Amino acid sequence: MSVTPLHLTDGAVAIGGRPVLRGIDLRVESGEFVALMGANGSGKTTLVRALTGLRPLTSGTVELFGTDLRHFHDWQRVGYVPQRLGAATGVPASVWEVVASGRLTRRRLLRPLSRADRSAIQDALEVVDLADRGRDGVSQLSGGQQQRVLIARALAGEPELLFLDEPTAGVDLPNQLALTAALGELASRGATIVLVAHELGPLAGLVGRAVVMRDGRVAYDGAPLADHQVHDPRFAETHLHHHHTDGHALRHDHSPHVASPLEGGR
Amino acid sequence: MLDIFSYPFMQRALLAAFFTGLAAPAVGTYIVQRRLALLGDGIGHVAVTGVALGLLTGIAPTWTAVTVAVLGAVLIEIIRERGHTNGDVALALLFYGGLAGGVLLTGLGGQSAARLQEYLFGSITTISVGDVWVTMAFAAVVILIGVGLAPQLFAVAQDEEFARVAGLNVRAYNLLVAVLAAVSVTIAMRTVGLLLVSALMVVPVATSQQLTRSFRTTLGAAMVLGMVASVGGLSLSALAPAGTRVAPGSTIVLLSLAGFVVTWPLGAWLRRRQLQRAPFPALPPDETATPHDAAQHDHDHGPACGHAAIPHGDHVDYVHDGHRHAPHEQHYDEH
């Protein structure tokens, strides 16, 4: 029996002193395919950010592969696909280069790419069906293809545990199908997958377990639900204002945001 | 007329220009990638205070400038990281503080504005042997780190959150880029001047990315372009007709900009062509569109017909007068 990849005990997160997640216990066993679902503002993105160490827990503990997150250094075992509208930045970058950056978890400083690195990058490109686009600039790709590039980047590190934050948001059906095929391939290789999704769409067939968040707590944990069940009034937003500050408004480089420069809250 | 290149001061200036031109875009590429193109300008303004401090205390302005510029760069980075501010507001704060501080200190020190102006607009031809060595050493460090740590710096600038989950020390790399930028600003201060420093960090990158698709070629081409602009601009200013006074800083920056002006239309044309040649999505065609009888055309579409042939799923569409013609038996389907 392999070690449990992910174990959150009594997790809580507060953002700017405001409790967002409370009392969350989540244990994901090796090889599971878990969908974190829930309405906007239910805390699913915050939870993934807490699980990856991007947002500190205010209480509770996260263990990755049996090691407390604060002492965890085995990052090549973890892959992360952040929620992004695209993979482009201020300077052109080729698809191959972006995917290759996912290999950094396994590379040592100032060393050239090894043959194993190159074949892992090539394999990741093939899994997302973009092997022939490696030399193209990422900005030339459609939004759905860029999302696949980000997934390939995570795959290049050959992670055992993969977090994906809304990989299908704003992606058209052909690209969702390509994504589904890529994740199916990965799952069949034995990877543990935790996926945040508002709606599953074609991914539904892969999901083995659904965790539904509601207002910062786990409202349901069990067999997968159909999309309409997730939006059942029991799981819906309780009030109209969103706690969804974590995902967008506070992210530094990606949204214009006017505030006093020393305003804290991290 | 070419005698001027045999003067030692000119050779020193050329050496300094060569190294500065290579180093500034090496760090500039990462700054542009993070959409902080004006960071160099912010640091340049802060360095004005450093120069003034040197003039006031009698310490060599290069050293006071590099110290203050590094402190300013680190401060900008911390404000950017800590506050939820976009980099630009943090930059603006430092801009004005740095410039005002420099002017105040120069006045207090009783130095004339002309002395400060050497640093504001460059004075590469007055550079000493010691300055050349310092410039070369700093430039070499910037280039080695900028190229050697390219995979790490690229990943951090590309996607901070991903880099953090990949186990990279994002803060350390961000601070490293800020410090490298400060060092580049200080060495470029003698070449093009503090007020034009950012041009040498940003313009070659903007030029090279008109024609490149990958990060590595952008970085390499930007370094070559920066070097050509520096050495070329300096030579141009030296070859100016007798009696005219042409500041090398201005010719370097203008030459660099000229490169951008030349490549921009080319880049725009290439991008447009790329867009036109992109394959159409392989969706099932709309069956309701009426097919075109091939007899209505004065030629058959083919590889040589001159109409753009765009891959569409398992066949090719020919773009003709805003239509997409797919050859099918004796007619063209409208796709």
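In which sense do strands β3 and β4 of chain B pair, and over how many bridges? In this predicted model, local features require pLDDT of at least 70 and side-chain atom pairs count only at pLDDT 80 or more, while totals for chains, interfaces and linings use all residues. Residues are numbered from 1 along each chain as its sequence is written, chains are lettered from A and ligands numbered from 1 in the order of writing, and side-chain values use heavy atoms, without hydrogens and water.

Strand β3 (residues 315-320) and strand β4 (residues 323-328) of chain B pair in the antiparallel sense over 3 bridges; pairing requires at least two DSSP bridges between two strands, and strands are DSSP runs (E) of at least two residues, numbered from the N terminus. His320(B) lies opposite His323(B) of β4(B). The hairpin of these strands has 2 residues between them, and Asp321(B) adopts a positive phi near 50°.

β4(B) also pairs with strand β5 (residues 331-334) of chain B, in the antiparallel sense and over 4 bridges. Here His328(B) faces His331(B) of β5(B). This hairpin likewise has 2 residues between its strands, with a positive phi of about 50° at Glu329(B) in the turn.

Elsewhere in chain B, Leu53(B), Leu56(B), Leu104(B) and Leu108(B) make a nonpolar surface patch of about 370 Å². Helices α2 (39-57) and α4 (87-108) each supply at least two of its residues, helices being DSSP runs (H or I) of at least four residues. Leu104(B), located in α4 of chain B, counts as exposed because its relative accessibility is 53%, the threshold being over 50% with a 1.4 Å probe and protein chains only.

Technical notes
Patches are made of residues with over 30% relative accessible area and no salt bridge: like charges are joined within 9 Å, nonpolar side chains (Val, Leu, Ile, Met, Phe, Trp, Tyr) within 5 Å. Accessible areas come from the Shrake-Rupley method with a 1.4 Å probe; for residues, only the protein chains shown count as cover. A salt bridge is a side-chain nitrogen of Lys or Arg within 4 Å of a carboxyl oxygen of Asp or Glu. Buried means under 20% relative accessible area, exposed over 50%, partly exposed in between (1.4 Å probe, protein chains only).
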